[in-house]
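Hi there,

I'm handing over the structure we talked about, and my notes on what turned up follow below. Please have a look at it first and then read on.

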Amino acid sequence: MALEHYITELLYRYNCVVIPGFGAFLTQTKSSVLDTDTHTFHPPTKMLSFNEQLTSNDGLLVSYISKAEKTSYELMSQKVGRISEEWKTGLRNNEKLELPHIGELWLNESGRIQFQPSQQINYLTSSFGFSSFPSSPVLREDLKERVVVLEEKVPFAFTPEKRKEYSFRPYLKYAAVFLLALATGLTGFRSYQEARNQEQLAREEAQQQVSKRIQEATFFGNRPMELPTFTLDVIAKKGLRRGTHHVIAGAFRVRSNADKKIQQLNQLGFEASYLGTNDFGLHMVAYSSHDDPKEALNALKHVRRTHSGDAWLKSVK
């Protein structure tokens, strides 16, 4: 099964594709740019990156492949897990992982995964059919120097034109038209200003009449109306406490998967809750939330020791 082929298909439609147990490929839209060194225009594109910390299964890749291969979700999840382990084993053996149309991955000296994206495919569908093209710069200085050289070689003789008699009469015509338009505009502006002043005076007079009527009005006669007294029993409902330090259980592409995770954790005795979406649009689920950072660290250690070693801590200001 060519796992990279299905990853490529999903990158056209989604900004995050997670390979369970291995990492996630992320995309970010980049505007068109001009390379000033090569004078080449590049169309808008999706920049591809890799994050090895996003390893939780969000169900997107496995569901897509299981439908394409017409197999069960559980069987396809096992196949994807085996491929993920093979990729990690190859990287630990100092082998480069080359994924066609995606890029190359390898381990650096500190054991972190490095990623070099491929430049062959643009995953931005709105730029389909666009390609980079060169544009020759306009050499204005060069043309100017050529004109100067041409003027030095070729003599130019200018014959002054004789001014005709009464040549100033057309200008008088234009000046008269301008003065007429200016006078008309001033008259219209004065009329408009006078109309606005009259409207403002009418509004102020109407406002004064309304205020006077309100002050003179009597709503209850001589005695104010007395309302009966009654008592309400208020029952305070205790809500979930939301702290600023969260022990994260996972991030999911589909909201229903996040709700299932919360239900499973609550059945196990955790105070699981939904935290909303992160910057990548993933639905985040927390084992628990705390105000005290020391309490949150102790809870994280307990979760990693008893339930999952993939849990991590997220603090919100």
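**What I found**

Let's start at Ser118, which sits in the loop that links strand 8 (113-117) to strand 9 (133-134). Keep in mind throughout that this is a predicted model. Leaving aside residues up to four places away in sequence, Ser118 touches His101, Ile102 and Gly103. Its C-alpha atom is also 9.8 Å from that of Glu98, a residue 20 positions away along the chain.

His101 lies in the loop between strand 6 (97-99) and strand 7 (103-107), and its phi is positive, about 65°, although it is not a glycine. For background, most residues other than glycine have a negative phi. With a relative accessible area of 38%, His101 counts as partly exposed.

Lys70 is another case of this kind: its phi is near 60°, again a positive value in a residue other than glycine. You will find Lys70 in the loop between helix 2 (60-69) and helix 3 (73-92). Is Lys70 buried or exposed? Its relative accessibility is 76%, so Lys70 counts as exposed.

Which residues of helix 3 are buried? They are Met76, Val80, Ile83, Ser84, Trp87, Gly90 and Leu91. Looking down the axis, these buried residues fall within an arc of 125°, so they line one face of helix 3. Turned away from that buried side is a face with the exposed residues Glu74, Glu86 and Arg92. The cover over the buried residues of helix 3 includes helix 1 (3-11), strand 1 (16-19), helix 2, strand 6, strand 7 and strand 8. Just after the helix comes Asn94, with a positive phi of about 60°.

Helix 7 (residues 293-306) can be read in a similar way. It has 14 residues and reaches 20 Å from its first C-alpha to its last, close to the 20 Å expected. Ala296, Ala299, Leu300 and Val303 are buried in helix 7. Why do they end up on the same side of helix 7? They cover an arc of only 105° around the axis, and that puts them on the same side. This buried set packs against strand 10 (245-252), strand 12 (283-290) and strand 13 (312-315). On the face turned away from the buried side are the exposed residues Lys294, Asn298, Lys301 and Arg305. At the start of helix 7, a side-chain oxygen of Asp292 comes within 3.2 Å of the backbone nitrogen of Lys294.

Now for the whole protein chain. It has seven helices and 13 strands, and 26% of its 317 residues are buried. Among contacts with a separation of 6 or more, 60% join residues 24 or more positions apart. The accessible surface comes to about 24300 Å², and 53% of it belongs to carbon and sulfur atoms.

Finally, a word on confidence. The chain averages a pLDDT of 77, and 66% of the residues score at least 70. Over residues 217-222 the pLDDT is below 50, and this stretch has one contact in the model beyond near neighbours in sequence. Residues 232-241 also stay under 50, with four contacts beyond four places in sequence. Where pLDDT is low, the predicted coordinates should not be read in detail.

Best wishes

Methods: Residues are numbered from 1 along each chain as its sequence is written. This is a predicted model: local features need pLDDT of at least 70, side-chain atom pairs count only at pLDDT 80 or more; totals for chains, interfaces and linings use all residues. Side-chain values use heavy atoms; hydrogens and water are left out. Helices (H or I, at least four residues) and strands (E, at least two) are DSSP runs, numbered from the N terminus. The expected span of a helix is 1.5 Å times one less than its number of residues. Buried means under 20% relative accessible area, exposed over 50%, partly exposed in between (1.4 Å probe, protein chains only). The arc is that of the directions from the helix axis to the C-beta atoms. Contact means heavy atoms within 4.5 Å. A polar contact is a pair of N or O atoms within 3.5 Å; within protein, one must be able to donate a hydrogen and the other to accept it, and residues adjacent in sequence count only if both atoms are side-chain atoms. pLDDT is the predictor's confidence in each residue, from 0 to 100. Accessible areas come from the Shrake-Rupley method with a 1.4 Å probe; for residues, only the protein chains shown count as cover.
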